[in-house]
Amino acid sequence: MATADTGTDPSEGRGRRRFRIRSLSSLGAVEFAGVAVFLIISTLTVFMVVPHGSMTATGVFWREWEMTDYGPLGPADRSALAKVRQANLWEIPTGQQAEERARSDRVREVGGTLADDHIRMDEQVRDVARKLDVELPTMPTGQQQDWMDELAGLSGDAYDRAAVNRLRYAHGEVIQVLAEVRAGTRNDLVRSFVQHAMFMVLKHITLLEGTGLVDFERLPEPPPPERRRG
């Protein structure tokens, strides 16, 4: 029986199939290359946004927790050490200034005590940070620098009152941070250091209030029960 001529070369069909396969393979390679480039760019962007691995765009710390010889170390532990260090950076010179410039003998005495205590505390916090590989700030905050600039332009009773109230406000902020870390830290070295720091800060609060110059109405109110955690 004669076979009908379809007009199609079988080798031509095989060639088209091979072409389609090659096309699909090429398309897959292009898509794969595109995904790879996207991942590389995304990774580089993260490292450019987070130069030292501190925080990603979603707020996740790269070094959120790490194990040390003294137990787990978390972000709150590092923050507490940084807070103490920054307190030292402005309260040492401010205490020394008050010891020299205050009009009241009591304020001069308190200023000298604060300066001496913070000098010792600064040595301790730097030692703890070295053992835990925590980077500490080297400059006061902008607010602390503003307080120092303010006090530099005052004298007499105005200086005494401003110095006592700025220092009292700052100590109140620090002790809240220390209390939270002391309550929940998993790190033995941080726990011991923070407990000692809390005693020192509470001592300073008591000394500052003992001058009779603290304006309690201007201190932040304690958070109401409904705003407390837990």
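**Exercise 1.** Describe how helix α3 and helix α5 cross in this predicted model, and identify the residues that meet.

*Solution.* 
Step 1. Locate the helices: α3 covers residues 105–132 and α5 covers residues 156–184.
Step 2. Compare the axes. They come within 11 Å and cross at roughly 35 degrees.
Step 3. Assign the hand: the crossing of α3 and α5 is left-handed.
Step 4. List the contacts, taking heavy atoms within 4.5 Å as the cut-off. On the α3 side these are V107, L114 and H118, and they meet D160, V164, L167 and H171 of α5.
Step 5. Sort the contact residues by class. Four are nonpolar, two are polar and one is charged.

**Exercise 2.** How many cavities of 30 Å³ or more does the structure hold, and what is the volume of the largest cavity?

*Solution.* 
Step 1. Apply the threshold of 30 Å³: one cavity reaches it.
Step 2. Read its volume, which is about 60 Å³ for the largest cavity.

**Exercise 3.** Determine which residues line the largest cavity and which helices supply them.

*Solution.* 
Step 1. Collect the lining: V84, A87, N88, E91, H118, M121, H171, V174, L178, A197, M200 and V201.
Step 2. At least two residues come from each of α2 (75–101), α3, α5 and α6 (188–209).
Step 3. Sort by class. The lining has eight nonpolar, three polar and one charged residues.
Step 4. Relate the lining to Exercise 1. H118 and H171 belong to the lining, and H118 in α3 and H171 in α5 are also among the residues at the contact of these two helices.

Note on methods
Residues are numbered from 1 along each chain as its sequence is written. This is a predicted model: local features need pLDDT of at least 70, side-chain atom pairs count only at pLDDT 80 or more; totals for chains, interfaces and linings use all residues. Side-chain values use heavy atoms; hydrogens and water are left out. Axes are lines fitted to C-alpha atoms, for helices over the stretch in contact, and angles run from 0 to 180 degrees between N-to-C directions. Helices (H or I, at least four residues) and strands (E, at least two) are DSSP runs, numbered from the N terminus. A crossing is left-handed if the near helix is turned anticlockwise from the far one by less than a right angle, and right-handed if clockwise. Ala, Val, Leu, Ile, Met, Phe, Trp, Tyr, Cys and Pro count as nonpolar, Asp, Glu, Lys and Arg as charged, and the others, Gly among them, as polar. On a 1 Å grid over the protein atoms alone, a cavity is a set of points where a 1.4 Å probe fits but cannot get out, and a pocket is an open set with protein on both sides within 12 Å along at least five of seven lines; lining residues have an atom within 4 Å of a point. Grid points are joined across faces, edges and corners, and a volume is the space filled by probe spheres set on the points.
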